[in-house]
Amino acid sequence: MNTRDIAGTLAGLFSELTAGTSGEAFILNSGDAGLLRSLDLLSAAEASQSSNGGATIAAHAQHLRYGLSLMNRWAAEGGNP
């Protein structure tokens with residue numbers, strides 16, 4: 001698949017997920033803050049607090065950061081992900 005044909009669309013969707021909505025929304029609800037602004041609202045203590053023994057928000061954010069770093073490396077270097 002040649003992603004150049006959909007690169008603009010993918011960038012717009014990723015921007016909505018990370019920065020929130022401005023105008024028409026495709027993935028989030030209109031007016032949603034997005035991941036980064038939602039995380040900015042939490043203190044380190046809140047992000048590190050487990051709920052019912054589950055993973056913390058900080059752990060989920062780290063997992064997402066790691067996954068994105070792997071995708072970026074794959075995009076830059078190629079190979080088999």
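In this predicted model, T18 touches A33, G34, L35, L36 and R37, once its neighbours within four places in sequence are set aside. T18 itself sits in helix α1, which covers residues 7–19. With a relative accessible area of 18%, T18 is buried, because the cut-off for that label is under 20%.

At 45% relative accessible area, I27 is partly exposed.

Then there is N52, found in the loop that links α3 (44–47) and α4 (57–77). N52 counts as exposed, its relative accessibility being 80%. Its backbone deserves a look too: N52 has a positive phi of about 55° without being a glycine. For most residues other than glycine, phi is negative.

As for the overall fold, the protein chain has 4 helices and 0 strands, so the order from the N terminus is simply α-α-α-α. The radius of gyration comes to 16 Å, whereas a compact globule of 81 residues would be near 12 Å. Along the principal axes, the C-alpha atoms take up a box of roughly 45 × 35 × 20 Å. Of the contacts between residues at least 6 apart in sequence, 4% bring together residues at least 24 apart. The protein chain exposes about 6500 Å² in total, with 57% of that coming from carbon and sulfur atoms.

Technical notes
Residues numbered from 1 in each chain as written. Predicted model: local features only at pLDDT ≥ 70, side-chain atom pairs only at ≥ 80, totals over all residues. Heavy atoms only, no water. Helix = DSSP H or I, 4+ residues; strand = E, 2+ residues; numbered from the N terminus. Buried < 20%, exposed > 50% of the residue type's maximum accessible area, 1.4 Å probe, protein only. Contact = heavy atoms within 4.5 Å. Rg over C-alpha atoms; globule rule 2.2 N^0.38 Å. Areas by Shrake-Rupley, 256 points an atom, 1.4 Å probe, with all protein chains shown as cover.
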